[in-house]
Amino acid sequence: MAAPMASLSCFRFQKQTSILFIILICSLSFGHLEDCRDEENSQSHAEEKYSTKENLSERTCETESKKCSTRNRRHHGRTTNETPALVATFDDWHFDETQILIETFPIDRIEENYVRQVKNAIFSKVFPIPMKSTTHLVAISEPVATDILDLDPTSVRNSDFFKAFVSGSTFLPGSVPLAHRYGGHQFGYWSGQLGDGRAVMLGEYLNRKGKRWELQLKGSGLTPYSRRGDGRAVLRSSVREFLCSEAMYHLGIPTSRALSLSVSSDPVWRDQFYDGHPKQEQAAVVLRLAPSWFRIGSLEILTNNQEIPLLRKLTDFVIKHYFPHIDSLDDNRYLAFYSEVVSQTANMIAKWMSVGFAHGVMNTDNFSLLSLTIDYGPFGFLDAYIPDFVPNTSDDEARYSYEKQPDVGHFNLDKLRQALLPLVDQQQAKHLLQILQGYADVYKRRFMEIFRKKLGLAGEEDEDEYIVALLLKLMEDSRADFTMTFRQLGALSVTDLALNNIPDSLWALKDLQQHSSFSDWIRVYTARAGTSGEETSPTSREDQMNAVNPKYILRNWMAQDAIVKAENGDYSAVNFLLTVLQNPYQEQEAAERANCAQRPPDWARDIRVSCSS
């Protein structure tokens, strides 16, 4: 076994030439070093003292659930306690009467819409700027419409008012659209005020399930935070954000959602690769939503500008409304809050890694305080397993490569820790650091839990880390397809694997089979898998593995094909992919005919994605 590094302080380790190189997600060593033991002890103490075991991805504020019933019964024409029906016409849909963000936080006193530095405010009042040309509704996510917004998609799809609303051409009476002020560390450096430069939050909706959602238009025009931009978004980046938001949700990863994608003929100019060759593109708008759009940068800017009373107000608000199980009067509430964010961020990144997802721009202004995946830009899913894959061509130093994502999570959480320091005393500050030091162990534990399931391994055994790490090393050497290698492992019984009986149809496994050490790995893996009982129930084994190993992901070539067609007025590929990606774990005849699970075409290697959007 390759020797682990002498220090885990930056969660780095160097590439080794040995076939037994253990990468464990290409970031964290699982060697039991002294600092590793220190982190485990620190995290155990922190979890025991400050944390809960509640799944925060499913958390809801009980007070919201209780107060929503009256409004929603009236909203949906019901007078009983039964679940309200979907809204049949968009004219009957409206935001909650109580807009808690507006009622809680100071709003920028200047209402004119021009670029400026904003002080002592969380939001600025900004109305969307309508497109000059006619907009077209490209696609709508029916699960978002029905499950979150209580809308009947069949009815609203043809509503002119709905189309105007989701494109920013109109707004609901009485609404006060807001642009959020925040800062952030971009590519490792403090960038000062950033904020919603092309996004406007339209309002808060409290649905029939008692959950509050913030609706935001992206690409809706200039705001005080637009800096040197024009406030618009182009069609190619909007297609990607719309599809990936929904794809990630159906993969089971915490994420913001997207209701709709609209496009106009309004021209916008973009230098896509920053090479001095701008071109005209089409403007588009995505209506996206999340329980909250607050991010690490929301707190950072307040600390950086010494707006401490507002920092405390915002942090207490986040705790009260999004972490209701934390006692808002407890003196240690900031420690409990930080512990939750550390744990859930580790969980989110472990899930990213498990599906081969690389975010591309993991700046602190793009990192949700609720540990949701937000702000989809130059992201990418792995085709071949290349750990140093960088989806963003603008990332010259490969800071946000796939393998470095756990490291960056640690960096961002450290910036959150620093932002919270004005709210805690010296002893509590030490505890914040202890909690952060436990991040590596939380991440590693969650990563191994997921990858055991991906390999169909029940229970925990000492050799599991070796089995996972060696497989990843073989995949790296063979450039085996990440998604299909795991999917196809479940298609064979343990007996067939032990005999090395791999049919040609399992092309990813056939690629891996060419590795000189594949038989060694198969021998260790099948011996371990046999102890899990899969050998006597191959069908059960396949079902269990298929439930965690997707067959369909949003590969770059698939997104690019949909973009090219959409730019030529054909939106069928966008809607087709939306349908496929809503059931990523189930084989679909249409997806098979479209080769969505086949070897990517050669031209896919030439696709380039940048920050330009």
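1. Let's start with how far apart in sequence the touching residues are. If you take contacts in the chain between residues at least 6 apart in sequence, 72% of them join residues at least 24 apart. Keep in mind that this is a predicted model.

2. Next, the overall make-up. The chain has 613 residues, and 59% of them are buried. Going along it, you'll find 23 helices and twelve strands.

3. Now look inside. In soluble globular proteins, nonpolar side chains tend to be buried together. Here the largest nonpolar core has 136 residues. Phe 294, Phe 381, Leu 455, Trp 521 and Val 574 are the ones with the most contacts inside that core. Helix α11, residues 333–354, gives the most to this core: 13 residues. There's also a second, separate core of 35 residues, and Ala 121, Phe 165, Leu 202 and Leu 215 are among them.

4. Leaving out residues up to four places away in sequence, Phe 294 touches several other Phe residues, including Phe 105, Phe 123 and Phe 317. Its contacts also include His 180, Tyr 322 and Ser 368.

5. Strand β4 (residues 183–186) and strand β5 (residues 189–193) run antiparallel, joined by three bridges. Which residue in β5 is the bridge partner of His 185? That's Trp 190. Two residues sit between the strands, and Phe 187 in the turn has a positive phi of about 55°.

Key: Residues numbered from 1 in each chain as written. Predicted model: local features only at pLDDT ≥ 70, side-chain atom pairs only at ≥ 80, totals over all residues. Heavy atoms only, no water. Core = buried A, V, L, I, M, F, W, Y, C linked by side-chain atoms within 4.5 Å. Buried < 20%, exposed > 50% of the residue type's maximum accessible area, 1.4 Å probe, protein only. Helix = DSSP H or I, 4+ residues; strand = E, 2+ residues; numbered from the N terminus. Contact = heavy atoms within 4.5 Å. Pairing = 2+ DSSP bridges.
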